[in-house]
Each structure stands twice: as C-alpha cells, then as structure tokens.
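The entries follow in the order I made them.

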Amino acid sequence: MKKQDGCGAIIKQIHDKLEKNANNALRSEKLTMTQIGLLVELYETEGNRLTMKEIENQLGVAQPTVAGIVKRLEQKKFVETFGDERDKRIKIVHLLKAGVEKCENGKKHMNETETKLLASLTENEKNDFKYLLQKVRDSMDI
C-alpha cells in the first residue's frame, strides 16, 4: 500500500502511530488515550476539578461521551463526581489520588513519546516544527 504524502495524510499517519503506541502503553494500565486526556485536564486545573460541561468543551466531545468516560474512570476510582453546592444540576468531576498517580505516569509516557517523535530534529528544527504546527492549527480556527 502506497503511503499518501500530502501534509494532511502525513499528519494523520503520525497521529495514528502516536495513538497506537499510547494505547498499547496504556493497555496495561487499563486506560485509553481519551481517559488519560481527561485525567490530564483535571490534573492541570486548579483544584483538580471541572464541570461536565467544561470537560465537553475542553475535550471537544459530546455530553454522552463525557458521561461514559467519567463513569468508567469513576468505576476505577480515579475520579469522583458530585453536584455543585449552589446548583445540583451541575455535575463536578474531581480527580482522586489514584487518578493523580495514573496521570503522572501518563504524562511521563507522553514526554517520552514526544522525545522519540522529535529525536531526529535539531533544537532549532524542533522549535520551527512546533511553531509551524501551531500556525497551521490556528489557521484551522478561521
């Protein structure tokens, strides 16, 4: 099978390889990329808590998807959920200690993967590459 060499195709191929490697690494932790992504969002938020609506917006997924991810993480005792004191319709997700540990392991793996991804580039090339990727990403928001 011939690999496509358009920029979009190359970006997709890189994404697919990154996702496959991450999911393989996370399999032993019984986590998915999406789940670790949610844990990282909570980890990097002051108070380690977000509303379900904030998670929807930050991950760019629908409410039923967030509900499923949160439910699975709650079953694994990585997060807890509770209603807002002022408005019980608002559901808050809070990162628990076990979730923090998984998140720290996940972040370590992400850093190792990024190091591997960029290993063939010089420091200047790494900076240029990141700048160009951000520029392309930002142009898609128009």
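I looked up strand 3 (residues 91-95) first: four of its five residues are buried, so the strand is largely enclosed by the rest of the structure. Buried means under 20% relative accessible area, with exposed over 50% and partly exposed in between, using a 1.4 Å probe and protein chains only. Strands here are DSSP runs (E, at least two residues) and helices are too (H or I, at least four), numbered from the N terminus.

I noted that the model is predicted: local features need pLDDT of at least 70, side-chain atom pairs count only at pLDDT 80 or more, and totals for chains, interfaces and linings use all residues. Residues are numbered from 1 along each chain as its sequence is written, and side-chain values use heavy atoms, without hydrogens and water.

Next I checked the partners of strand 3. Strand 1 (residues 49-51) pairs with strand 3 in the antiparallel sense over three bridges; pairing requires at least two DSSP bridges. Arg-49 stands opposite His-94. Strand 2 also runs antiparallel to strand 3, joined by five bridges.

I then turned to Thr-81, in strand 2 (residues 79-83). Thr-81 stands opposite Val-93 in strand 3. Leaving out residues up to four places away in sequence, Thr-81 touches Val-70, Glu-74, Lys-91, Ile-92 and Val-93, where contact means heavy atoms within 4.5 Å.

Last, I looked at which residues of helix 2 meet helix 5. Ile-36, Leu-39, Val-40 and Tyr-43 are the ones in helix 2, and their partners in helix 5 include Gly-99, Cys-103 and Met-110.
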